Amino acid sequence: MQAGISWGLSPVRQLIQDQGMTAFWSKTSYCSCWGKVDGVEQNTNSPDPHCKICSSGYIYTEPKKQFPVVFTDLHEAVQWTEEGINPTGNITLIIPDKDVLGNTIDMYLDVGLQDLIVSMDIQLQDIEILNSSSPLLRRIPAQLISVSWNGITYVVGNEVTTHLNSLIWQTQRKPPDGSLISVSYLYYPLYTVLTSLPIAINYGGLSFPRTILLAERAPITQADIKVFGDLL
Ligand SMILES: [Zn+2]
């Protein structure tokens with residue numbers, strides 16, 4: 001480092017460590033079935049619809065260990081047309097280059113397009129009108145707030161609970177299959193990595209925190225539940 005110049009990186013790392021949230025990260029790989037149909041090369045621009053290995057062309061690792069990160073809001077109406085359009089704007093995630101002990105963080109080096117990120121420190125609230133015979137809510141539920149049908153408000157935690165993204169009924173008053181019920185709940189938002197904003201990773205012998213652009217993934221898929229369900 002040149003004399004007299006200090007980038008003050010240690011305080012930044014310390015800040016992320018102290019004030020950041022904990023992210024779980026699942027690495028995504030492309031499956032070998034892209035371009036094939038029933039295992040035969042067809043030059044399509046999509047995954048094999050009958051692939052037995054992947055989910056929609058992607059294979060996810062088990063969530064890696066926790067990392068301290070900083071989520072920030074990017075207040076911009078970016079119109080991403082692929083997965084995970086987020087009406088409130090996309091989110092940025094700042095990953096430190098090193099932990100407070102000076103060890104390079106795996107996620108800093110490895111995070112890539114389509115990877116999945118979830119933080120158990122973030123909870124959002126939503127209301128869903130759900131078909132009662134449908135076993136799944138559309139997001140990863142953290143906590144049921146209220147469930148009602150036909151003038152009945154159920155006792156949450158007693159008459160109805162959740163397991164992963166399924167409602168579990170324990171009441172004689174259960175609505176008939178196919179009824180439309182109103183469910184209010186807190187959920188953990190799940191994000192897809194859209195891109196990593198460019199930075200010089202080795203400027204003057206220094207590396208810097210990395211900024212990742214995320215889009216909320218809604219609705220989530222069965223594969224997402226499979227990856228993150230064990231954490232919940
Ligand atoms: Zn596949």
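Modeller: Two strands are said to pair if DSSP finds at least two bridges between them, and the structure to which we apply this here is a predicted model.

Biologist: How do you know that strand β10 and strand β14 pair, and in which sense do they run?

Modeller: The cut-off is at least two bridges, and seven bridges join β10, residues 140–149, to β14, residues 180–188, so the two strands count as paired, and they run antiparallel. Among the residues that face each other, S146 has S184 in β14 as its bridge partner, while P141 stands opposite Y187 of β14.

Biologist: Why are β9 and β11 called edge strands?

Modeller: The sheet is open and has four strands, in the order β9-β14-β10-β11, with antiparallel pairing. Strand β9 (124–131) and strand β11 (152–153) each pair on one side only, and this is what the name edge strand expresses.

Biologist: What makes β11, with residues 152–153, count as a strand?

Modeller: A strand needs at least two residues in a DSSP run, and β11 covers 152–153, so the run meets that cut-off. Counted in this way, the protein has 16 strands, together with three helices.

Biologist: What percentage of the 232 residues is buried?

Modeller: Buried residues make up 25% of the 232, where buried means that 20 or more other C-beta atoms lie within 10 Å of the residue's own.

Technical notes:
Residues numbered from 1 in each chain as written. Predicted model: local features only at pLDDT ≥ 70, side-chain atom pairs only at ≥ 80, totals over all residues. Buried ≥ 20, exposed ≤ 12 C-beta atoms within 10 Å, placed from the backbone.
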